[in-house]
Amino acid sequence: MKAERHINAERDADAPRYAPEWLALREAADAAARAPELLDPLRAYLAAVAPSGGPVIRDLGCGTGAMGRWLSGRLPGPQRWILHDQDPELLAHAAAGAYGPAADGGPVTAEAEQGDVTRLRAEELAGTSLLTASALLDLLTAEEVDELAEACAGARCPALLTISVLGRVELDPADPLDSEIAAAFDAHQRRVTGGRRLLGPDAVEVAAAAFARRGAVVHTRPSPWRLGADQAALTAEWLRGWVGAACEQRPDLTAHAQDYLRRRLDTCAAGGLRVVVHHDDLLALPSPAAGGCR
């Protein structure tokens, strides 16, 4: 979940940029949530295609580079990361960050490439060993996801797309307003903005079908945030963004939601709130019939 205006509960496509402070706050929760069981089939695929000079990895919507910090030490090297984001400040931050070493001790390098991540085509992915993204898929439209799957298929490039929302949130203790806030937030995730209808909680299902139509072998695994007393700061910011987005979608909720938010924040500050925010990770591997990208 990335942020703008306040700190938003999930990455907001309306926002021109996301706060580095929010990205830092959520990085540990993302790292703990990502599904490590997807890495074995990915490593096996990369070993089979044995990309010359080591893997070239493109990170879409890289933010401050958290995905690279998580993944680079779990894959063999040498690795070359190409970081994509529209925000030049975040790109500079990401490119200057420390990556690696790779799992086998090999070097890891990173370079920045500013631009619209929805416009990558197969020819631009030529020579790419892996495309990655974190908390991005649910901000795309069905057409953009289809084009991404088409680009990966054309370049014979696998994709690891992590931390995509599913529209399921559990709060303990429960509150009578939970389900109404959650429904309004999910509607906000699926809103039309700038002429684009965002996929929100439908993103993983749509993406899995798009890659499968092109012959990819698709794996999905759960990657939930599990937030307790040790993550109180993150939980509080998530709550503010979650409730704020729900009220933006349904202004009629605002009066009741302010009292709801106060109660929730008080419980959080006292260490008594537990939250599970459900996500899925998706790995799409090109069909083994025709070899891989090198």
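Predicted model: local features only at pLDDT ≥ 70, side-chain atom pairs only at ≥ 80, totals over all residues.
**Reading a helix and its rings**

Visitor: How many aromatic pairs does the whole structure have?

Guide: A pair of aromatic rings is described by the distance of the centres and the angle of the planes. Rings of Phe, Tyr and Trp (its six-membered ring) pair if their centres lie within 6.5 Å; planes under 30 degrees apart are stacked, over 60 edge-to-face, the rest tilted. Searching the whole structure here turns up 1 aromatic pair. Trp-238 and Trp-242 form it, stacked, with 4.8 Å centre to centre and 20° between the planes. Both sit in helix α8, and because they are 4 residues apart there, about one helical turn separates them. Trp-238 is buried too, at 1% relative accessibility.

Visitor: What span should helix α1 have?

Guide: Helices (H or I, at least four residues) and strands (E, at least two) are DSSP runs, numbered from the N terminus. The expected span is 1.5 Å times one less than the number of residues. For the 14 residues of α1 (residues 20–33) that should be 20 Å, and the end C-alpha atoms are 20 Å apart, which agrees.

Visitor: Where does α1 bend?

Guide: At Arg-26, by about 40° (the angle between axes fitted to the seven residues ending there and the seven starting there). Arg-26 is also buried, at 1% relative accessibility.

Visitor: Which side chain does Arg-26 touch through a polar contact?

Guide: Asp-30's, at 2.7 Å. A polar contact is a pair of N or O atoms within 3.5 Å; within protein, one must be able to donate a hydrogen and the other to accept it, and residues adjacent in sequence count only if both atoms are side-chain atoms.

Visitor: What else is Asp-30 in contact with?

Guide: Leaving aside neighbours within four places in sequence, Ser-134, Ile-163 and Trp-225 (contact means heavy atoms within 4.5 Å). Ile-163 is 133 residues away along the chain, yet its C-alpha atom and that of Asp-30 are separated by 7.1 Å.

Terms used: Residues numbered from 1 in each chain as written. Heavy atoms only, no water. Buried < 20%, exposed > 50% of the residue type's maximum accessible area, 1.4 Å probe, protein only.
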